[in-house]
Amino acid sequence: MNEEEMNEIVIREEAALAFADSREKLLAVLENDHLNMEALSDLEIFELFWATELFPIYSQKSPHTKRAYKQDLDYILRFFVTKTQGVKQLTILNLHEYLKDVHDQYAPRTVKRRNAMLRRFLRFLHINDYHARDLSVQVKDQMKPEPLRREIDFDEMEAIALAFRHTVKQKKHRELLQLRNETMGYLLLTTGMRASELLALQFSHVHETHSINYIEFKGKREKWRRIPLSQKSIHLIDRLKQLMQIEGVTNPYICFNIRTNNNSISYEALRLIAQAASAQLTSQKNSPHWFRRSFITKLLANGISLYEVMNLSGHESITTTNTYLQQLKKSNSNVLPYD
């Protein structure tokens, strides 16, 4: 075992001990019939909110929801640490500064989501008598116009998907990782899956029949979905399985993590791959979600019905799908491919 690995183990052990100490205090609080949070630090209060309000043990939330909640709560925690005197000493002026910061930095949907998380946190504090006043009523959404969305260049999106394979830098298992990345990019382009759905996709979810090839998986809100696969997608997936066997890599996930046998790569890794591929061809930093937008928009541009697009994309409401259609109508449809 080298020095770097030893240091990593020491760091993990220290973090585990710190978490265990914090967990003991949280468990002591939870043993009472009323949450007495006066003895907890700000960080411990956030952990208690996470464990009891956002993700209690009976909760079943998707990885996508968990990631969004974590991002919003991390933002609020950083704001409290850097710009306030702490959770207990929070003032209305602090809240107004928070509202301005969020409004200035983020798109309307993110603003609304982060404000909702803060309201939920403040309500939690008030209900459990940590704050005498309900400060959540001070957190109000401001009117902010939706930004103009840039038009989707479908040829560009296809080129970016192909460029996924050229983002691999390491030499070990290079050919395998290039093929994995190319498969990920092509699946994003041609299936419209959410990033969380792609990362959870396993080889066992791929079905080949005489009439149709498809993937069937459980997506957002535990909803089963079936999406047809192109012949090229099947070819890439089959090649990937063969090369994994040749190189002795065992993993059920298509987006496999080369370092662990039973995990996929993280969302952050997928995001960085997508951005690196985009940077090779455009000045834009396309996220994995941009491929989903491209897929849904292209289906609508090709005349697929709203109901069919809703089912393929896994939208909960047809209203969401219709939003894409209205955006399409506002754009110059002459530049869209109708092949």
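A word on conventions. Residues are numbered from 1 along each chain as its sequence is written, and side-chain values use heavy atoms, leaving out hydrogens and water. As the model is predicted, local features need pLDDT of at least 70 and side-chain atom pairs count only at pLDDT 80 or more, while totals for chains, interfaces and linings use all residues.

I'll start with the rings. A pair of aromatic rings is described by the distance of the centres and the angle of the planes. Here, rings of Phe, Tyr and Trp (for Trp, its six-membered ring) pair if their centres lie within 6.5 Å; planes under 30 degrees apart count as stacked, over 60 as edge-to-face and the rest as tilted. Searching the whole structure gives 12 aromatic pairs. One of them is F46 with F121, which is stacked, at 4.5 Å centre to centre with 20° between the planes. That pair links distant parts of the chain, 75 residues apart: F46 belongs to helix α2 (residues 42-54) and F121 to helix α5 (residues 108-127). Helices here are DSSP runs of H or I with at least four residues, strands are runs of E with at least two, and both are numbered from the N terminus. F46 and F121 are both buried; buried means under 20% relative accessible area, exposed over 50%, and partly exposed in between, with a 1.4 Å probe and protein chains only.

Next, F55 and Y69. Their ring centres are 5.6 Å apart and their planes are at 65°, so this pair is edge-to-face. F55 lies in the loop between α2 and α3 (63-83), and Y69 in helix α3, so the pair ties together parts 14 residues apart in sequence. F55 has 15% relative accessibility and counts as buried. The ring of F55 also has a charge over it: the charged end of K66, 6.0 Å from the ring centre. The criterion is NZ of Lys or CZ of Arg within 6 Å of the ring centre and within 35 degrees of the ring normal. R180 does likewise with F256, its charged end sitting over the ring at 5.5 Å from the centre.

Back to F46 and F121: they belong to a cluster linked by ring pairs, together with F49, Y75, F79, F80, Y98, Y106 and F124.

Now the cores. A nonpolar core is a set of buried Ala, Val, Leu, Ile, Met, Phe, Trp, Tyr and Cys residues joined through side-chain atoms within 4.5 Å. The largest has 54 residues, and F164, L198 and L270 have the most contacts inside it. Helix α7 (residues 174-191) gives the most to this core, with 8 residues. Contact means heavy atoms within 4.5 Å. Leaving aside residues up to four places away in sequence, L270 touches F164, M184, L188, A195, L198, L199, I265 and P288. A second, separate core has 31 residues, including F49, L73, L95 and M117.

On to charges. A salt bridge is a side-chain nitrogen of Lys or Arg within 4 Å of a carboxyl oxygen of Asp or Glu, and the whole structure has 14 of them. R114 and D72 form one at 2.8 Å, N to O. R114 lies in helix α5 and D72 in helix α3, so the pair ties together parts 42 residues apart in sequence. Both partners are buried: R114 at 7% relative accessibility, D72 with a relative accessible area of 1%. A network of salt bridges links D72, R113 and R114.

K100 and D104 form another, with the closest N and O atoms 2.7 Å apart. These two are 4 residues apart in helix α4 (residues 92-105), so about one helical turn separates them. D104 is partly exposed, at 48% relative accessible area.

The K241 and D238 bridge has an N to O distance of 4.0 Å. It lies in helix α9 (residues 231-246), where the two are 3 residues apart. K241 is partly exposed at 35% relative accessibility, and D238 is partly exposed at 23%.

That brings me to α9 itself. Its buried residues are S233, I234, L236, I237, L240, L243 and M244, and the buried residues pack against α7, β1 (206-208) and β2 (213-218). Just after α9, G248 takes a positive phi of about 70°.

Last, helix α12 (residues 306-313). V309, M310, L312 and S313 are buried there, and the buried residues of α12 pack against β3 (224-228), α11 (288-301) and α13 (318-330). G314 follows α12 with a positive phi, near 80°.
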